[in-house]
Amino acid sequence: MSRTRIVIVGAGFAGYQAARTLSRRLRKNAEIVLLNPTDYFLYLPLLPQVAAGILEPRRVTVSLTGTLPHVRLVLGEASDVDLDERRVRYTDPEGREADIGYDSLILSVGSVSRLLPIPGVAEHARGFRGLPEALYLRDHIVRQLELASYAEDEEERGARSTFVVVGAGYTGTEVAAHGKIFADTLARRTRRAGGHPVEPRWMLLDVAPRVLPELDERLSRTADRVLRARGVDVRTELSVKEATHGGVVLQNGEAVPTRCLIWCVGVRPDPLVSDVGLPTERGRLVVDPYLNVPGHPEVFACGDAAAVPDVTQPGQFTAMTAQHAWRQGRTVARNVAAHLGVAERRPYEHHDRGFAVDLGGIQGAANPFHIPLSGPLAGAVTRGYHLMSMPANRVRVATDWLLEAVQPRQAVQLGMVRSGSVPLDTASPELARTPG
C-alpha cells in the first residue's frame with residue numbers, strides 16, 4: 001500500500017521550514033516531495049553581502065538534500081496545478097515537461113520583483129531576488145569602476161561610477177549600505193593602480209517619506225544617519241520617471257547618468273499563484289488562519305504566496321517577510337500533519353519580535369524585542385541573529401566575516417553572469433537565463 005504523498009512547491013523560507021518540520025513529524029507516515037528549481041535554500045537576508053564581496057555565494061545556500069533527510073527533491077519549475085486531478089506540472093532543468101501527483105499540497109512558491117509601469121525599467125533595471133542577480137551586481141560594480149578609472153571622458157567616468165538603488169526598504173537599504181563601502185574600496189585600488197580618480201556615487205530613492213518605511217521610526221532614523229554619513233545620496237518622496245541605457249530621469253526632472261539601476265521596490269507573488277485559478281487577495285492565495293485554502297482541504301499555502309490573516313491585527317494580512325514565512329512553514333507542516341490525523345491543527349499567530357538591518361562595516365540598526373539599538377552593538381546583534389537563523393553554514397559564514405575584518409576583499413570579475421541572464425521581469429530569479 002502506497003504512503004500518502006505530500007508535495008511542497010517551492011523551497012524558500014516557508015517551503016524549506018515546512019519540509020524540515022514534516023520530515024521530522026511524518027517521515028514514517030508519508031512521502032514528502034519538495035519541488036524546486038534549485039537544489040538549495042537561499043538565505044536571502046545575506047544576499048547583499050554576496051554582492052559586496054563579503055560572503056562567497058555558497059555561504060548563503062543551504063543544500064536541500066544535505067539538510068532535509070527523508071525528503072525527496074524533484075528539480076523543476078512548477079508551471080501548473082490541476083486541482084481536480086491533484087497533479088502539479090513542471091519543467092525540469094533540461095526542459096522536459098513532467099507532472100507529479102499529490103494527496104496533500106503546500107504552495108510556497110514565494111515572490112518575484114514587483115514591476116511598475118515606468119518606461120525603460122524592465123529593460124534597464126536589475127532586480128535583487130536571487131543569487132544570479134547578486135553575482136551579476138558584484139561583477140557589474142567591479143567592471144564599471146574599472147572602466148571608469150581608465151575612461152578619458154569625465155562624463156563617462158561619472159556615469160559609470162554612479163549607482164542608483166530604487167526602493168529604500170529592507171533590501172534596498174542594505175544593498176546601498178554595503179555597496180557604498182565596496183565601491184569606495186575598489187575606487188581606492190584603481191587609483192593606486194594609476195587610473196583616473198573615481199568617486200563612486202550611490203543614490204537611494206523611495207517614494208516614502210523615510211527609509212525603511214515599514215519598520216520602526218527609530219530604525220529608520222538610524223539607517224538614514226549612517227547612510228548619509230557614509231556618503232549615500234538618500235532621496236525620499238522621489239523615484240524614477242524613466243530609465244534608459246545611459247541613465248535615469250527622476251520624477252523631479254533631474255537626469256542622472258548611470259550604468260547601474262538596481263530595482264528593490266518590493267515583491268509580488270510568483271506568477272503561478274494567479275494561474276492556479278483559486279481566489280486571491282492582493283495577488284496572494286486566500287487561506288484561512290490554518291493556512292488551508294477554503295473548499296480544498298488538501299491544499300495549503302504559506303509565505304509570500306498566501307494572504308494569511310493576521311490574528312494579532314484583525315482585518316489585516318501578515319506581511320511578506322522572511323520572519324513570517326519561516327514560522328508559517330512550521331505551522332503549515334503541523335496542520336498538514338493534522339489533516340492526516342497525526343497532530344492537532346493550530347491557527348498561525350506570530351507577534352512581532354523586532355527587526356535587524358545590517359548597514360555594513362560594524363554598523364547596524366536593530367530593535368530585538370522592541371529594544372532600539374544602533375551602531376556596533378546593533379551590528380553584532382544583527383549578525384548574531386543571522387547566524388542563529390541559518391539552518392547550516394554558520395561556521396563558514398562566521399569565517400568569511402572574520403577574514404573580511406582582517407584581509408582586503410577579493411574583487412575580480414568572474415564573468416559568469418551577464419546582464420541578459422538576469423532580466424527584471426522573470427518568474428524565477430533563482431535561475432540565470434540564456435539570452436535569446
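The model is predicted: local features need pLDDT of at least 70, side-chain atom pairs count only at pLDDT 80 or more, and totals for chains, interfaces and linings use all residues. Residues are numbered from 1 along each chain as its sequence is written, and side-chain values use heavy atoms, with hydrogens and water left out.

Seven aromatic pairs are present in the structure. Rings of Phe, Tyr and Trp (its six-membered ring) pair if their centres lie within 6.5 Å; planes under 30 degrees apart count as stacked, over 60 as edge-to-face and the rest as tilted. One of the pairs, F13 with Y43, is tilted, with 5.7 Å from centre to centre and 55° between the planes. This pair links distant parts of the chain, as F13 belongs to helix α1 (residues 13-25) and Y43 to the loop between β3 (40-42) and α2 (47-51), 30 residues apart. Helices (H or I, at least four residues) and strands (E, at least two) are DSSP runs, numbered from the N terminus. Both F13 and Y43 are buried. The ring centres of F163 and W202 are 4.8 Å apart and their planes are at 20°, so this pair is stacked. It also joins distant parts of the chain: F163 lies in strand β11 (residues 162-166) and W202 in strand β12 (residues 201-206), 39 residues apart. W202 is buried, with a relative accessible area of 0%. A single aromatic cluster is formed by F13, Y16, F41, Y43 and W326.

A charge is also placed over a ring: the charged end of R345 sits over Y290, 3.7 Å from the ring centre. The criterion is that NZ of Lys or CZ of Arg is within 6 Å of the ring centre and within 35 degrees of the ring normal.

Strand β22 (residues 296-301) contains E298. Five of the six residues of β22 are buried, so the strand is largely enclosed by the rest of the structure. E298 is buried, with a relative accessible area of 5%. Not counting residues up to four places away in sequence, E298 touches R86, Y102, D103, S104, L105 and H339, contact being heavy atoms within 4.5 Å. Two strands pair if DSSP finds at least two bridges between them. Strand β9 (residues 104-107) runs parallel to β22 and is joined to it by three bridges; L105 has V299 as its bridge partner in β22. Strand β21 (residues 292-293) runs antiparallel to β22, with two bridges, and N292 is partnered by F300 of β22. The hairpin of β21 and β22 has two residues between the strands, and G295 in this hairpin takes a positive phi near 85°.

Three cavities of 30 Å³ or more are found. On a 1 Å grid over the protein atoms alone, a cavity is a set of points where a 1.4 Å probe fits but cannot get out, a pocket is an open set with protein on both sides within 12 Å along at least five of seven lines, and lining residues have an atom within 4 Å of a point. Grid points are joined across faces, edges and corners, and a volume is the space filled by probe spheres set on the points. The largest cavity holds about 40 Å³ and is lined by L135, D139, L414, G415, M416 and V417. The second largest pocket has a volume of about 370 Å³. Its lining comprises 23 residues, of which H124, Y136, H140, R259 and S419 lie nearest its centre. Helix α5 supplies the largest share of this lining, six residues.

Definitions and conventions. Buried means under 20% relative accessible area, exposed over 50%, partly exposed in between (1.4 Å probe, protein chains only).
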